[in-house]
Amino acid sequence: MRELSLHILDLVQNSLEAGANIVKLEVIEDLSADVLVIRVADNGRGMDEKLRQLVIDPFVTTRLTRRVGLGLPLMEMSTKRCDGYLKIQSTPGQGTIIEASYRHHHLDRPPLGNIVETIKTILVANPTLNFLYRHTVNDRKFTVSSQELADILDGVPLTQPDILIWLHKYLSDHIANLYGGVEK
């Protein structure tokens with residue numbers, strides 16, 4: 001995958017397929033430490049130790065639609081190529097935490113991509129998901145949750161055209177502020 005935001009979509013989709021109804025996404029960019037970390041935590045069915053160790057093999061998947069699962073193997077490969085790592089913590093019945101770390105300024109690090117559209121897609125496509133997104137760039141932080149948005153909108157669905165426009169601007173402005181007001 002060319003952009004990290006596509007990996008994020010894949011990880012959230014994996015969480016949904018594992019039966020999660022709570023997903024927490026955290027993106028941490030510490031430029032002084034030269035680190036970019038993506039962490040996705042869910043309350044899905046989790047994996048036993050054997051599956052957890054095998055899941056980075058592209059020919060091991062729980063999917064029934066095809067016999068390969070490339071998301072985690074490709075993500076692990078990209079982290080290693082960028083002096084990073086991929087960690088998977090999982091407990092059956094309790095959920096999974098995937099953490100991918102990259103050297104932020106590594107020449108081969110994929111770009112973050114269109115994180116605004118990624119977050120918007122997750123929120124709009126999964127109206128019953130309890131989703132929390134937290135993004136930190138050095139000392140600047142932005143957090144939004146599906147519950148917070150539901151409280152603000154008071155029953156108006158995110159799929160309303162004027163709400164979609166508002167949501168795009170809300171996410172764009174706050175994420176741009178993480179980078180000093182420059183849209184990334």
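# Reading a predicted structure: contacts, sheet and helices

Me: Which residues is Ser 78 in contact with, leaving aside its neighbours within four places in sequence?

Reply: Beyond those sequence neighbours, Ser 78 is in contact with His 7, Tyr 102 and Pro 110, where contact means heavy atoms within 4.5 Å. The model is predicted, so local features need pLDDT of at least 70 and side-chain atom pairs count only at pLDDT 80 or more, whereas totals for chains, interfaces and linings use all residues. Residues are numbered from 1 along each chain as its sequence is written, and side-chain values use heavy atoms, with hydrogens and water left out.

Me: In which element does Ser 78 lie, and is Ser 78 buried or exposed?

Reply: Ser 78 lies in helix H3; helices (H or I, at least four residues) and strands (E, at least two) are DSSP runs, numbered from the N terminus. Buried means under 20% relative accessible area, exposed means over 50%, and partly exposed lies in between, with a 1.4 Å probe and protein chains only. Ser 78 has 3% relative accessibility and therefore counts as buried. Thr 79, also a residue of helix H3, is buried with a relative accessible area of 0%. Not counting residues up to four places away in sequence, Thr 79 touches Gly 84, Tyr 85, Leu 86, Ala 100, Ser 101 and Tyr 102.

Me: How should I read the sheet, and in what order do the six strands stand?

Reply: Strands of a sheet pair through backbone hydrogen bonds, either parallel or antiparallel. Here six strands form an open sheet with mixed pairing, in the order S3-S4-S2-S1-S5-S6; two strands pair if DSSP finds at least two bridges between them. Strand S3 (85-91) and strand S6 (140-145) stand at the edges with a single partner strand each, so one side of each lacks a neighbour in the sheet. On average, and with direction ignored, neighbouring strands of this sheet are turned by 10 degrees against each other. Such angles run from 0 to 180 degrees between N-to-C directions, and axes are lines fitted to C-alpha atoms, for helices over the stretch in contact.

Me: How many bridges join S2 and S4, and how many join S1 and S5?

Reply: Strand S2 (residues 35-42) pairs with strand S4 (residues 95-103) in the antiparallel sense over seven bridges. Within that pairing, Arg 39 has Glu 99 of S4 as its bridge partner. Strand S1 (residues 22-30) pairs with S5 in the parallel sense over eight bridges, and Ile 28 has Thr 136 of S5 as its bridge partner.

Me: What joins S5 to S6, and how many residues of S5 are buried?

Reply: S5 and S6 run antiparallel and are joined by six bridges; His 135 stands opposite Phe 142 in S6. Six of the eight residues of S5 are buried, so S5 is largely enclosed by the rest of the structure. The hairpin of S5 and S6 has two residues between the strands, and Asn 138 there takes a positive phi near 55 degrees. Asp 139, found in the loop between S5 and S6, counts as exposed at 69% relative accessibility.

Me: Where else does a residue other than glycine have a positive phi?

Reply: Most residues other than glycine have a negative phi. Asp 83 has a positive phi near 60 degrees; Asp 83 is found in the loop between H3 and S3 and is exposed, with a relative accessible area of 51%. Asp 154 has a positive phi of about 50 degrees. Asp 154 lies in the loop between H5 and H6 and counts as exposed at 66% relative accessibility.

Me: Which strands do helices H3 and H5 lie across?

Reply: Helix H3 (residues 71-81) lies across S2, S3 and S4, at about 35 degrees to S4. Helix H5 (residues 146-153) lies across strand S5 (130-137) and S6, at about 65 degrees to S6.

Me: How do helices H4 and H6 cross?

Reply: Two packed helices are described by the angle between their axes and the distance between the axes. The axes of helix H4 (residues 115-125) and helix H6 (residues 161-178) come within 9 Å and cross at roughly 135 degrees. H4 and H6 are therefore oblique to each other: angles under 35 degrees count as roughly parallel, over 145 as roughly antiparallel, 65 to 115 as roughly perpendicular and the rest as oblique. Residues that meet in this contact include Leu 123 in H4 and Leu 171 in H6.
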